[in-house]
Amino acid sequence: MALVSVVRDYIDRMLQDISGMKVLILDPLTVSIVSVVYSQSDLLKKEVFLVETVDNMSQESMSHLKAVYFLRPSSDIIQKLRRQLAAPRFAEYHLFFSNILKIPQIQVLADSDEQEVVQQVQEFYADFCAIDPYHFTLNINANHVYMLPTVADPHSTQIFCDRAVDGIAAVFLALKKRPVIRYQRTSDIAKRIAQETAKLMYEQESGLFDFRRTENSPLLLVIDRRDDPVTPLLNQWTYQAMVHELIGVEDNKVDLRNIGKVPKDQQEVVLSAVQDDFFKANMYENFGDLGMNIKRMVDDFQQIAKSNQNIQTIEDMAKFVNNYPEYRKMQGNVSKHVTLVTEMSRIVDERKLMLVSQTEQDLACNSGQAAALEEVTNLLNNESVSDIDRFRLVLLYALRYEKDSPVHLMQLCNKLSRTAKYKPGLVQFLLKQAGVDKRTGDLYGNRDFLNIARNMARGLKGVENVYTQHQPLLLQTMEGIMKGRLRDVDYPLVGNHFQQGRPQDVVIFIVGGTTYEESRAVALHNATNTGTRFFLGGSVVLNSKRFLKDLEEAQRISKLSSV
C-alpha cells in the first residue's frame, strides 16, 4: 500500500465513523499532512463543514458540531488542547494524534476532561507529508542544521533529529513493519538519527513495532544530502521537478500570484497525481513531450467547447447542464497547465536556461576539465545569464574539479565576486561540507571500476536527451541494495541485526532533503521492477534556491560559532 493511500485511509477512518456535522481541527503540520491527500470536496463529503487550526480558534460556542482533532503530540500542542478541554465549545471531542502519545500526556488530557466531552483518543500514524505514493517529506523549517557540527547549535540539532526520528517511526508504523537500520558512515547526523530510531523501535517502543516478521526484513537507510550535492544544484527538465525548480511547489500547491494576469481562482493551483489525471500522466515527462501533450489536451477541450456551443434541443440543454461541473473542471485544468508551461517557457527563455543547462549536464556527467573551464568562463561573461545560474555553474565546477585545478577555480571565484551577490566564500564552504573527501558514494562514477565501465558504455551509446542525461547518485545506492553490494564499511548496521537476502521494502531517508529528480527515479523503478519496493523521504523537498539558502544559513552560523 503506497503512502498516499495509507494517510487517506487514516483520515477516512477518523471522519466516517462519526456521524453528523463536524469541525476538523488541525495544527500547522497536520494541515500539510491532510491537504496533500485530501481535497476540500473530500472533506465536505464526510460532513466536515469547518476547518480550524488549534492556534487560531474562535471562542464562539458551537455545541451543534462534533470536533475531530488531528494533531502532533508535541508538548505545546497538548497544553493548548488541555486549555480547550477545560472550557469545551463543541458537543463531542474525538482526539486523533499523528504519532505515539506518552503516558503523562494521556494523563494531562484525562485530568483536563472534567466535563467528559472526549469520546475517544487514538493514535493514527501519519506524521509525515505523503506528497506522492512513494515520496514523503517532513517539512523541517531549520533544514540547514544538518550541515552544522552539533556543538554549533545543540538545541536545534536535537529538535531536528527528534522530528526526523518521529517521522521515520510513523512511516514504519503506517506500513506495519520494523526494519533493519543502516546509515552513511561519513555523516554524524545520519548516524545519530539511525541510532535514535533503532533505540525507539527496538527498546523504548519495542511492543508497538512487534509486527509479524517477514522472511526478508525491510531496510531503513539513512543517508546525507551532502553525499550528492550535485542533484539539487541542477536545472530540471521534467514537469514536476521543473515546476518546483522554476516556480516552487509547497505541499503540492503552486503559488501563481506573482505571475502576470492570472484569474483569481487560479492564483494558487494544486499539482497532485491524486486529484489531476493529466498531471499524473505527465509529471515525469520531459519538457518537449509535455508541450505536445498539453497541445493535445487543449485541442480536445476545444472540441468539447465547440459541441457545447451547438445546443439546439431541450435534451442538448439538459446534457450540457449535467456535464457542466465536469466541463468547468476540465476548463480549470487546461488553464492551469497552460499557465504553468507558459510561465516556465518564459523563464527558460529569459534566463537562457537551455544554454546554461547544457553546461551543467556536462559538468555533472562528462569529464574534460579544459572544455568545462572554457564553457563556464563564457557563461560567466554572458550578460544574460542570471547571478544564481552563474553561481550554480561555479559550484558544479568546484565539486567536479576541486582537486584538479585550484588555480582555475580561484579565477572563476574572482569573476563571480564581481558580478554575483553570492560571495565566493560559499564555494569553499560547500567543498568543506560536501567535497570529495567527505563523500561516501561514487558521485561522478570515476572511483569504482563498474561505474567507470557503465559510464563508458553510456557514452558510446549516446544519450537520448542532453538535458536529462544526469542520473542521481541515489540510483547507484538503490542498485547496490538490490544486488547486495552496499558495503558494510560504508553503510554500517545499527545494533546486532543483519540483512538476510534482498529486502522487499526499503525506506531511504535523506537528511537535508530530497529532490523531485530522485523521487522520479524511485517512482519509475517501482513501476517497472518487482521484488524490491523503494520509498524516499527527507527533511524537506529541495530545489536549487532552497539548497543555497540552507548553505548560506549554515555558513552564517558557522562563522558566528567560530568567533
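Predicted model: local features only at pLDDT ≥ 70, side-chain atom pairs only at ≥ 80, totals over all residues.
**View 1. The five-stranded open sheet.** Here you can follow the strands in the order E2-E1-E3-E4-E5, with parallel pairing. Strand E2 (48–53) and strand E5 (118–123) stand at the edges with a single partner strand each, so one side of each has no neighbour in the sheet. On average, neighbouring strands are turned by 20 degrees against each other, direction ignored.

**View 2. Strands E1 and E2 with helix H2.** Look for the five bridges that join strand E1 (residues 22–26) to E2 in the parallel sense. One to find is that of Lys-22, whose bridge partner in E2 is Val-48. Helix H2 (residues 28–35) lies across E1, E2 and strand E3 (62–71), and runs at about 90 degrees to E3.

**View 3. Leu-15 and the nonpolar cores.** The largest nonpolar core has 140 residues, and Leu-15 is among those with the most contacts inside it, as are Phe-128, Ile-193 and Phe-509. Helix H6 (residues 154–175) gives the most to this core, with twelve residues. Another core, of 20 residues, lies apart from it and includes Val-54, Met-57, Tyr-93 and Phe-97. Zooming in on Leu-15, you will find that the residues it touches include Lys-22, Leu-24, Tyr-38 and Val-48, leaving aside residues up to four places away in sequence.

**View 4. The enclosed helix H8.** Eight of the eight residues of helix H8 (residues 239–246) are buried, so the rest of the structure largely encloses this helix. Among these buried residues are Gln-240, His-244 and Glu-245, along with Tyr-239 and Leu-246. Gly-248 follows H8 and has a positive phi, near 110 degrees.

Definitions and conventions
Residues numbered from 1 in each chain as written. Heavy atoms only, no water. Buried < 20%, exposed > 50% of the residue type's maximum accessible area, 1.4 Å probe, protein only. Helix = DSSP H or I, 4+ residues; strand = E, 2+ residues; numbered from the N terminus. Core = buried A, V, L, I, M, F, W, Y, C linked by side-chain atoms within 4.5 Å. Contact = heavy atoms within 4.5 Å. Pairing = 2+ DSSP bridges. Axes fitted to C-alpha atoms, helices over the stretch in contact; angles between N-to-C directions.
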